[in-house]
Each structure stands twice: as structure tokens, then as C-alpha cells.
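Thanks for coming. I have one structure to go through today, and I will take it from the whole chain down to single residues.

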Amino acid sequence: MDSEENLLSVLLLLLLITSHITMVGPSAPEDGWQVYSSAQDSDGRCVCTVVAPQPTVCSRDARSKQLQHLLEKVNNMSQSIELLQQRTHRDAQFVEKMEIELKGLENKFKEVEDGHEINTARQFKSIMSKMEELRPLIQVLESYKADVLLVAQFKDEAANVTKQLESLQETLSGLDYQELQSRVMDLEDRLRACMQRLACGKLTGVSEPITIKTSGSRFGSWMTDPLAPPGDNRVWYMDGYHNNRFVREYQSMYDFMMTDNFTSHRLPHPWSGTGQVVFNGSIYFNKFQSHTIIKFDFRTSLISRSRQLDFAGYNNMYHYSWGGHSDIDLMVDEGGLWAVYATNQNAGNIVLSQLNPNTLQIIRSWTTNHPKRSAGEAFMICGTLYVTNGYSGGTKVYYAYSTNSSTYEYIDIPLTNKYSHLSMLDYNPRDRALYAWNNGHQVLYNVTLYHIIQ
């Protein structure tokens with residue numbers, strides 16, 4: 001048991017290591033330069049992206065200052081990577097020890113398997129079962145060692161960039177800024193794609209709930225906009241699951257927690273269920289007693305788009321197990337806007353569709369084998385649909401369907417249901433948190449994502 005707990009600690013530490021390689025930028029756009037931390041490109045090489053200023057806006061002195069500013073940032077990045085490397089080196093030693101133990105157990109298993117005639121059937125079955133559980137972990141450990149190597153490559157790359165910048169300072173007058181800018185733009189595109197890969201992962205844990213506020217009825221939804229610009233921390237609040245048109249807007253999380261100061265927006269139609277989502281300044285909701293999805297723009301107070309979700313059940317035909325007209329659940333993750341619903345054609349099982357947020361047209365759909373009525377709640381993270389086994393009492397996340405591989409698996413991730421009735425559970429990719437409405441309480445859960453750099 002101690003070995004398994006230690007292994008779990010290593011895996012969680014790996015998550016922290018990989019998820020904290022973040023993007024670093026200047027304090028203001030007029031600084032002229034942007035630095036993005038090192039990552040791995042499509043060919044497996046480490047890159048560090050620099051976005052150069054336009055040639056026409058820089059004097060020689062300005063360029064020199066900007067290069068010096070850039071050099072300081074890269075040096076800071078090198079110090080962070082140095083600390084990261086020290087941590088990974090220490091933990092790699094434990095990983096190597098754990099790997100030896102696992103492989104030793106595998107060898108013992110083979111010996112027992114070869115001479116199982118002299119062992120009792122019960123002993124053989126027990127050892128075999130344990131080994132089957134541990135075998136996949138050997139591959140995980142191999143991947144972890146590869147990630148440790150990648151951190152070392154980050155360090156070398158940062159040192160290389162530092163040398164290049166120092167060289168640039170010495171030969172500033174001879175720079176071809178057009179060529180530099182072209183190369184930098186290419187690197188930036190590749191790094192952005194790589195950083196998006198690093199941002200995603202597989203759900204491995206949900207924290208204890210954090211109660212933000214106690215208000216409203218037993219059912220409802222609340223959220224923030226994952227695409228809100230910096231400084232926009234508005235909270236959106238919708239009480240009830242039908243026969244309501246009013247959305248409350250709080251200017252900040254503090255206002256939501258501590259005051260009753262809000263602006264009220266009246267929607268043109270009442271909503272159905274608790275599956276609404278605010279995304280890029282608009283609210284997307286299911287029109288009451290229909291399979292129509294409406295996009296309402298808060299900036300213009302007008303409907304900017306509406307579309308029927310063909311064949312989707314509605315009006316409590318295929319709701320979540322708690323009821324509440326929850327037939328159509330809209331949600332957002334790192335990949336964009338999604339709709340979760342069920343159809344007669346799929347025998348009442350969950351259908352998952354990615355939507356174009358501008359036109360509401362279906363980009364692609366996936367059919368699952370999970371009955372919609374048996375699901376407590378559901379949410380999307382990194383293209384994977386996660387489903388809870390219920391909405392009251394002991395609750396856990398127990399089913400995951402990956403749109404990347406079109407496969408599903410059963411998992412076991414506890415979800416503390418503090419107030420005994422979940423009627424809304426949605427993921428916000430900006431906050432890396434689950435927003436929940438739990439029996440008149442507005443609650444947050446932090447999530448743990450595990451990924452291996454590939």
C-alpha cells in the first residue's frame with residue numbers, strides 16, 4: 001500500500017511539474033516584446049518563442065533596451081527551470097527505485113506462472129491479479145523518465161537562447177529584422193500549439209468543495225465566462241430550471257459573495273434546465289419546452305443566433321436522473337462549445353456534439369452507450385465527457401468518454417456532495433475548476449489533471 005501511495009504522489013507531482021510550464025508575457029503591449037516559456041515542438045525539439053517588434057517602431061536604443069529586457073526574462077526563466085530540474089532529479093531517483101521494484105515483481109510473477117503447479121490456485125490468482133494492476137504503471141514510469149529528460153532539455157535550450165541574445169546585443173546593427181520576425185512568427189505558432197497540448201490532461205482528482213455562497217432555490221446555475229478579457233471577472237447567476245428569464249450579472253466574485261449588487265438581464269425566452277453557459281460575451285441556453293438553442297448577446301441584448309438541435313429529446317424526455325428539464329446540457333472546455341443530450345435514434349443514450357459557437361451548427365457528433373437518464377450530471381474537460389453516477393448522497397465521477405479516441409472507460413473519482421443535491425456541474429477551462437449548484441449553495445471544486453508530454 002505504501003508503494004502505491006508513493007507512486008500516486010509521484011504522478012501528482014508530475015502533473016504539477018508539467019502544468020506549471022506557463023506562458024509569460026510583458027506587462028503591457030507597448031513593451032514591444034513577448035517571451036513564451038520553452039516547450040516541445042512537433043518534431044520533439046524544445047523551442048523558446050520571441051515575438052519581435054515591428055522594424056519601423058524601434059530605434060537602435062529602443063532595440064538594445066528591448067533585448068536587455070528580453071535577456072532578463074530568459075534568465076528568470078532559466079532560474080525557474082533550474083529549480084524544476086532539481087525537483088525532477090530528486091523524484092526521478094524515487095521513480096527509478098519504484099521501477100526496479102515493479103520489474104522485480106514482474107519477474108517473480110513469471111517464476112510463479114512457470115511453476116504454478118506447486119502453488120495453490122488461490123495464491124496464484126492473487127499474485128496474478130496484483131501484477132495485472134501494476135503492469136501498466138511500468139509504462140507510466142518510463143514516460144515520467146522521458147519528461148525528466150525534457151526538463152533538462154528545457155534548461156539547455158534556455159542557456160542557448162541566452163547566448164543568442166547576448167550575441168544579438170553585440171551585432172545589433174547588422175540584424176535583418178524582417179527575417180527575424182518571420183522566424184519568430186513560425187516559432188510562435190508552433191509553441192502555441194504545443195502549449196495547448198500541455199494545458200490538457202486526464203482528470204485524476206476533484207478537490208473538496210469550496211462554498212462560495214448560499215442563495216436561491218434548490219436548482220440553478222452560475223458561471224463565469226472562460227473567454228472574458230483580462231480584468232473581466234463577472235459572475236452570471238440563474239435561479240431555477242424553468243419559467244425564468246432573468247439573469248443576474250455581478251461585477252466580480254467578491255460582489256457575488258459579499259453583496260446583493262447586481263444587474264438583471266431579461267432573456268427573450270425562458271430557459272429549460274440548468275445547462276446554460278456564458279461564452280465570449282454571450283449566453284447559450286435551451287429554450288423552454290423545445291430543442292432550440294439560443295445565443296443571446298449581452299452586449300446588444302439581442303438574440304444573435306438560434307438553431308434547433310435535431311432529434312434531441314426535450315421537455316423531460318431524456319433528462320439527467322434528478323429531472324428538472326435537464327434534457328440538453330451546454331458546456332465549454334478547452335476545445336470550445338459542446339451540447340450533451342439524447343435521442344430516440346441512440347436509444348436514449350448520451351449524444352455528444354461539438355457546436356460552432358457562431359452559427360450553432362454541429363461540427364461533429366459522438367454517440368455513447370451511457371443512458372442519459374442514468375447520469376447524475378456531466379461536464380467536459382479537454383475533449384472528454386465525464387459523467388457522475390448520481391446527484392444525491394455518495395457521488396463519484398465514474399464514466400469517461402474521449403472524443404479524441406471515440407472510446408469510453410469506467411473510472412472512480414470521488415466527488416464530495418456536501419449538500420446532497422447536485423443540479424448543475426460545469427467545468428471552466430480558464431479557472432481549471434468545476435462550478436456546481438448544490439441544493440441552494442454555489443460551490444467550486446478544483447480539479448487535478450494528469451498528462452505526459454509527448
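First, the ground rules. This is a predicted model, in which local features need pLDDT of at least 70 and side-chain atom pairs count only at pLDDT 80 or more, while totals for chains, interfaces and linings use all residues. Residues are numbered from 1 along each chain as its sequence is written, and side-chain values use heavy atoms, with hydrogens and water left out.

Now the overall make-up. The protein chain has five helices and 23 strands; these are DSSP runs, H or I of at least four residues for helices and E of at least two for strands, numbered from the N terminus. Of the 454 residues in the protein chain, 51% are buried. Buried here is under 20% relative accessible area, exposed is over 50%, and partly exposed is in between, with a 1.4 Å probe and protein chains only. Take the contacts between residues at least 6 apart in sequence: 57% of them join residues at least 24 apart. A contact is heavy atoms within 4.5 Å.

Next, the sheet. There is an open sheet of four strands in the order β17-β18-β19-β20, with antiparallel pairing. Two strands count as paired if DSSP finds at least two bridges between them. β17 and β20 are the edge strands, each pairing on one side only. From one strand to the next the twist averages 25 degrees, using lines fitted to C-alpha atoms as axes and angles from 0 to 180 degrees between N-to-C directions.

Within that sheet, β17 pairs with β18 (residues 384-388) in the antiparallel sense over four bridges. Which residue of β18 is the bridge partner of F379? Y386 is. The hairpin of β17 and β18 has two residues between the strands, and C382 takes a positive phi near 55 degrees there.

In a regular strand the side chains alternate between the two faces of the sheet. On β17, A378 and M380 point one way, F379 and I381 point the other way, and all are buried.

β15 (residues 349-355) and β16 (residues 362-371) pair in the antiparallel sense over six bridges, and L352 has W366 as its bridge partner in β16. This hairpin has six residues between the strands, and L360 takes a positive phi near 65 degrees.

On to the cores. A nonpolar core is a set of buried Ala, Val, Leu, Ile, Met, Phe, Trp, Tyr and Cys residues joined through side-chain atoms within 4.5 Å. The largest has 22 residues, and L203, F379, I381, Y386, L434 and Y445 touch the most other members. Elements giving two or more residues to this core include β3 (202-206), β17, β19 (395-402) and β22 (433-438). β23 gives the most, with four residues. Apart from this core lies another, of 17 residues, among them F219, W322, M331 and Y401.

Y386 has contacts beyond four places in sequence with residues including L203, F379, I381, V397 and I411.

The structure holds four cavities of 30 Å³ or more. On a 1 Å grid over the protein atoms alone, a cavity is a set of points where a 1.4 Å probe fits but cannot get out, and lining residues have an atom within 4 Å of a point. Points are joined across faces, edges and corners, and a volume is the space filled by probe spheres set on them. The largest cavity holds about 110 Å³ of space. Its lining has 13 residues, of which M223, V277, D426, Y427 and N428 lie nearest its centre. β21 gives the most to that lining, with four residues.

Last, two residues. Beyond four places in sequence, L425 is in contact with residues including F379, L434 and Y445. The C-alpha atoms of L425 and W437, 12 residues apart in sequence, are 6.8 Å apart in space.

D412 sits in strand β20 (residues 407-415) and counts as exposed because its relative accessibility is 55%. D412 touches K396 and V397, leaving aside residues up to four places away in sequence. Its C-alpha atom is 4.9 Å from that of Y398, 14 residues away along the chain.

Methods: On a 1 Å grid over the protein atoms alone, a cavity is a set of points where a 1.4 Å probe fits but cannot get out, and a pocket is an open set with protein on both sides within 12 Å along at least five of seven lines; lining residues have an atom within 4 Å of a point.
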